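Me: Here is a structure I would like to go through with you. Please take me through it piece by piece.

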Amino acid sequence: MVDSIEGVSDIGFTVVIVIVHGLQGHPFTTWAPVKPNPRPKSQPKSKKNKSIRARVLGRIRKSETAPIAGVDGASASTVSEPPFVFWPRDMLPHDCPQSRILVYGYDSKVTKYMKAATNKNSLFSHAKDLLSALSRTRKLDRPLILVAHSLGGIVVKKMLAQSSMATDDVLKNIVGCTSSVIFMGTPHRGSPQLAALGEWARSLVGSGLRMETNDAILNALNLKTTDLERAQESFSSIWLKHDFRVKTFQEGMGLTGVNLSVFGNKVVPDHSSLIGDARERAETIQANHMDMCRFTGPEDPNYANLSGEIVAVYASLIRVREQNSNFQQRAQLRDLFNGAVSIGERRDGREFSRNTRRADEISALQSLRYPSMNRRHRSLEAEKPAPQTCNWLFEQQEYHEWLMNSYQESRCGIIWLRGKPGAGKSTLMYEAVRRAAAEQDGKNDIATFFFNAKGTDLEHSAEGLFRSLLHQLLPRHPLHLRQLVELLSTKQEDPDYGRRCSLFTEPELRDMLSSLLSADTGRRTYIFIDALDECATDSIRPLAYFWREMTNSIVHLSVCISSRHYPFINLTDCPEITVDTHNHGDILRYVDQRLNLGISDTEPEKQIIKDKVLEKADGVFLWVSLVVDDVLQKRDEGKSLRYLLEELDHIPGELEDLYSKILSTVPQSCCKKTRRLFQWAVLATRPLRLYEWEHVLGFLVEPPSSLKAGGMCTGRKCSPRVNVKEIENRIRTLSKGLLEVRIPDTENLYMNSSGGSSVEPEAGSLSGAGANRVVQVIHESVREFFLKREGVTALGGDSKYDFATDGHLAILGACLDYISLA
């Protein structure tokens, strides 16, 4: 393990970047392009009839007489100045100035001919050595960014697995502090081509010349052992548990320009260089396997792709550190004034260090976190309430009494906001959380959870709720955090640890949360739970009763819940506020703001249209937003006031009826395509990204004769890039505006300072920031509208048509057709 720049230490750096080479690689030459030495004119050309044995012996003698820079794990400092740049030293420090950049070298050569004995280490041994080197070189709790080329990616995966199973806190700290792993041409599922090159050398020198070779690595690449499969299984569970970011770069070109067996193909085929996980971010580098990690300068587009990913993670870590520094300083002052235990003192008869304590606590908190935990909350951040709206809630006496805890003698500490679908409950809850946080200013504890029926299983389950609340509250409850650490330590002794999708059962999480909330810390705890009706059906009532029991017995706990009117659950001594009977003023302001964009105040028809909209709104914000935009569009098309008023008279007041009317405008020739569009949007296990929709749209009804004929990019052979706006417009047109395109919340943390993102689709068919936006229904009621089969009827289908069953079969068929054409 050597620094890319000599003479530096870990002091003063915020982030550690570790770079690991692959098979036959070297800590310097793998990352630096080297000009080939021109052949001296006096040197005779080799004769064609020279035997292979003679040629190999000549190559060996040549290597023994001419020194090779940095062979066999030599330090980078011993290598002569390269003709081009060594990017870990010459470019990356400028992009990431507060980072320490380490280049790791290990002996991965298949054979060393007659120079020396060949290293016989297996992948496990190399991973163990990397783990040990990191523990010696890196300061505890430093965030890690791991960059690995080829076989180095397998070594990194095995190293992280060993770190997660370690009992030593220093070793375990490495996986806990890993922020990102970047794979470059890593053969996750083996590489016959890469192994074939090694096999050729091994068969030549091993059998013919009796020279030593390393069989262990080649057998793994050729899938003769289960090393790669085991590494992938353990990495998937570690990724799920620690939720670091993973980026994949695939090679775009064959090894040479000659179409001859191995030499004309990609060394690591596409199916092997992809992990295949939905969270993976994949992109193509336009170079072969050897050159994909060598760059000519800062302007090299391949370096821009790699550095963009590294800088995005680096910048987010720097921002998080800066944001947390003030909070940590305040927390340390509070600890001093409250008589907290100082560093080095004994607690429970044992000495502890702050670094060790932080490491296992961070790991424990990470075990609660899951990738989509804040997805719904972050989506509301992007929407935000219209100006001067939501104020009515904070003027309600019931809400004021709940917030100020002025009725604790007679009420149970719960307040319930109920409303129709689309009435603006989630927006109202978001604003309530924002204002409560601003008013409390750290004096009391606030935790939130926004159920999301469109999200993953955890986003609409009791387990997901408990994990999220514990993750938010535990940092301010050190004793309970230590209890979680001890519980996790006990679970890690279980032989099945690491193979479980969830480390904690729902009863364990509920008991932990009950114990935490019961503790009297001198602070009040406010919990906001949005869209309880979107939780799993069998959990809604038990959760409501759970919170009633908790607030009845804990005087310093206040809980605010929002849901639709159905399912109705009655709780004694629980005040309720009906949103759709109080939001008339907000709807009035919203309609005014929207109409002002297209109709001036001097035009008399503005007031007439506004009155008609407000008359039929009935407290449903979503209905208003759809209708007002439709009115403005038709007015721009030249429709008369009389026509607009007649249209408003005929527009149904209920959302479901409105959806039916909107879909009735779909041309008969497009009904089947629109139905398939909604099946993909509603039935997908996660929101699909725009670059995926590029392919979905080509298979909505019938498969094309080829990917190219369907207008889909097929990797580096695809020349013109597809217009993101074109795909977005097609989706909006087919769905009549009931599907929306938005930036996924998972990218917010990793946006670079310019607001862009380094993420690109793997085929290189769409631009990064636009291509990674997701497509989803505009509201949960749209999803229910189709699942209840009303959407099919609106599109001219049979009422007996099974939307879900037919949709899953259609998606399965499209995937099989795609595989057959790919």
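**Strands, sheets and a helix pair**

Me: Which residues of β4 sit on each side, and are they buried or exposed?
Reply: Leu144, Leu146 and Ala148 lie on one side of β4, with Ile145, Val147 and His149 on the other. In a regular strand the side chains alternate between the two faces of the sheet. Taking buried as under 20% relative accessible area, exposed as over 50% and partly exposed as in between (1.4 Å probe, protein chains only), the residues on both faces of β4 are all buried.

Me: Before we go on, what kind of model is this?
Reply: Residues are numbered from 1 along each chain as its sequence is written, and side-chain values use heavy atoms, leaving out hydrogens and water. Local features need pLDDT of at least 70 and side-chain atom pairs count only at pLDDT 80 or more, while totals for chains, interfaces and linings use all residues, since the model is predicted.

Me: How many helices and strands does the protein chain have?
Reply: Both kinds of element are DSSP runs numbered from the N terminus: helices are H or I with at least four residues, strands are E with at least two. On that basis the protein chain has 31 helices and 17 strands.

Me: Why is β4 largely enclosed by the rest of the structure?
Reply: Strand β4 covers residues 144-149. It is largely enclosed because the number of its residues that are buried is six of the six.

Me: Which residue of β5 is the bridge partner of Val147?
Reply: Two strands pair if DSSP finds at least two bridges between them. On another, β4 and β5 (residues 178-184) are parallel over six bridges, where the partner of Val147 is Ile182.

Me: Which residue of β7 stands opposite Thr248?
Reply: Strand β7 (residues 281-285) is mostly covered, with five of its five residues buried. Arg281, Glu283 and Ile285 are on one side, Ala282 and Thr284 on the other. β6 (residues 245-251) runs parallel to β7 with five bridges between them, and opposite Thr248 stands Ala282.

Me: What is the average twist in the open sheet of five strands?
Reply: The strand order is β11-β12-β13-β10-β14, with parallel pairing. Its edges are β11 (445-450) and β14 (576-578), each pairing on one side only. From one strand to the next, the twist averages 15 degrees.

Me: Are α22 and α23 roughly parallel or roughly antiparallel to each other?
Reply: α22 (residues 621-636) and α23 (residues 641-650) pack with axes 10 Å apart, at an angle of about 155 degrees. Axes are lines fitted to C-alpha atoms, for helices over the stretch in contact, and angles run from 0 to 180 degrees between N-to-C directions. Under 35 degrees counts as roughly parallel, over 145 as roughly antiparallel, 65 to 115 as roughly perpendicular and the rest as oblique. The two helices, α22 and α23, are therefore roughly antiparallel.

Me: Which residues of α23 meet those of α22?
Reply: Contact means heavy atoms within 4.5 Å. From α22 come Val627, Val631, Lys634 and Arg635; their counterparts in α23 are Tyr643, Leu644, Glu647 and Leu648.
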